[in-house]
Amino acid sequence: MNSEPSLPIPISYIAGKYFLFSIDAVTYLRREHHVCGVLSGTLPQIPQQNVFLGLPLELMPEEARLLVEKGVACIVDEVKAQKQGMKALMEEDRKKYLHDLESQGLKAMQLQNSRKEQQREQSLQKIAAKKAKKAAEKASAGDKPEEPIVDFFADNQKSEPSETSSNVSSTPDLALGITPATSYPPLPSKPAAEHLMPLPQVPSSYPLFAHLHSEGYFLSPGLRFGCQYLAYPGDSLRFHSHFLVVSTEWDQEFDLMDLVAGGRLGTGVKKGFLVGGAEQKDNALDGESDNVRTFSLEWAGM
């Protein structure tokens, strides 16, 4: 069961790209903020496989900026954060870490020795009880008791394996859970201020992206269909996309052949061809959203 991540979620900036390494963050952003991204991780021993990709999740610059503007995430310079983290591991921290490991090992050894001592005492008590029982039986039968036979602890351990197994089974069972995707978070939940980066640079299609996202659409890269984005009415794992999205400038002239090609392509794959753009306002106030307009083309009778 995934837990809710603490906000803001750190997004790792590496080599000009934006990544998420936490499965909790990935599921939270997909469920609550309609951000899907693209899985780009491969298995270490099968780097060429491309069927089942895994973490990390790569985000488009538009997705990263949208999350930062909402206050849900922050951009962290991964290289700088990792270098700073390595420098922070000073000699005293290393000694403290080794001391903690040593103390944990001593505690484990003491616990194991105490268990062995308990097993030995229980075995000796059982041997003494058996001897007393035999002596009582022979005395009641009127026979002369024979010389006691010395039993060694090692022989008793071989002949009584159930004693050890019963002792081990008396220890509390460990609760089985889901194996976490990472043993330790790649980045701290609250990165240092010097590791934070400004808003990501986004293309001119960002206003259209933000507009469709605000309308509840799930957006993903549309390269495989020859467009900028694919717009889904819900989660892309449950729905087919409804629109092939292409952004244009507000005063840009349309090429009729591009409209015909896009409209026929969209209709051929059972999608609408959506064209949109934002009006550029020179005197826009802070926080004022651009006026985004969209149009869809679809061939009928195909």
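**Note on aromatic rings and a nonpolar patch**

1. Leu98 counts as partly exposed, because its relative accessibility is 42%. The model discussed here is a predicted one. Leu98 belongs to helix 4, which covers residues 91–141. Together with Tyr97 and Leu101, Leu98 makes a nonpolar surface patch of about 300 Å².

2. The aromatic rings deserve a separate point. How many aromatic pairs are there? The count comes to four aromatic pairs, where rings pair if their centres lie within 6.5 Å. In one of them, the ring centres of Phe209 and Tyr229 are 5.3 Å apart and the planes stand at 55°, so this pair is tilted. Phe209 lies in helix 7 (residues 206–214) and Tyr229 in strand 7 (residues 229–232); the pair therefore ties together parts that are 20 residues apart in sequence. Both Phe209 and Tyr229 are buried.

3. Tyr217 and Phe243 form an edge-to-face pair, because their planes meet at 70°, with the ring centres 6.1 Å apart. Tyr217 is in the loop between helix 7 and strand 6 (218–221), while Phe243 is in strand 8 (residues 243–247), so the pair ties together parts 26 residues apart in sequence. Phe243 counts as buried because its relative accessibility is 19%, and buried means under 20%.

4. Charged side chains also lie over aromatic rings. Which residue lies over the face of Tyr206? Arg65 does, at 5.5 Å from the ring centre. In a further case, the charged end of Lys271 sits over the ring of Phe225, at 5.2 Å from the centre of that ring.

How values were computed: Residues are numbered from 1 along each chain as its sequence is written. This is a predicted model: local features need pLDDT of at least 70, side-chain atom pairs count only at pLDDT 80 or more; totals for chains, interfaces and linings use all residues. Side-chain values use heavy atoms; hydrogens and water are left out. Patches are made of residues with over 30% relative accessible area and no salt bridge: like charges are joined within 9 Å, nonpolar side chains (Val, Leu, Ile, Met, Phe, Trp, Tyr) within 5 Å. Accessible areas come from the Shrake-Rupley method with a 1.4 Å probe; for residues, only the protein chains shown count as cover. A salt bridge is a side-chain nitrogen of Lys or Arg within 4 Å of a carboxyl oxygen of Asp or Glu. Helices (H or I, at least four residues) and strands (E, at least two) are DSSP runs, numbered from the N terminus. Buried means under 20% relative accessible area, exposed over 50%, partly exposed in between (1.4 Å probe, protein chains only). Rings of Phe, Tyr and Trp (its six-membered ring) pair if their centres lie within 6.5 Å; planes under 30 degrees apart count as stacked, over 60 as edge-to-face and the rest as tilted. A charge sits over a ring if NZ of Lys or CZ of Arg is within 6 Å of the ring centre and within 35 degrees of the ring normal.
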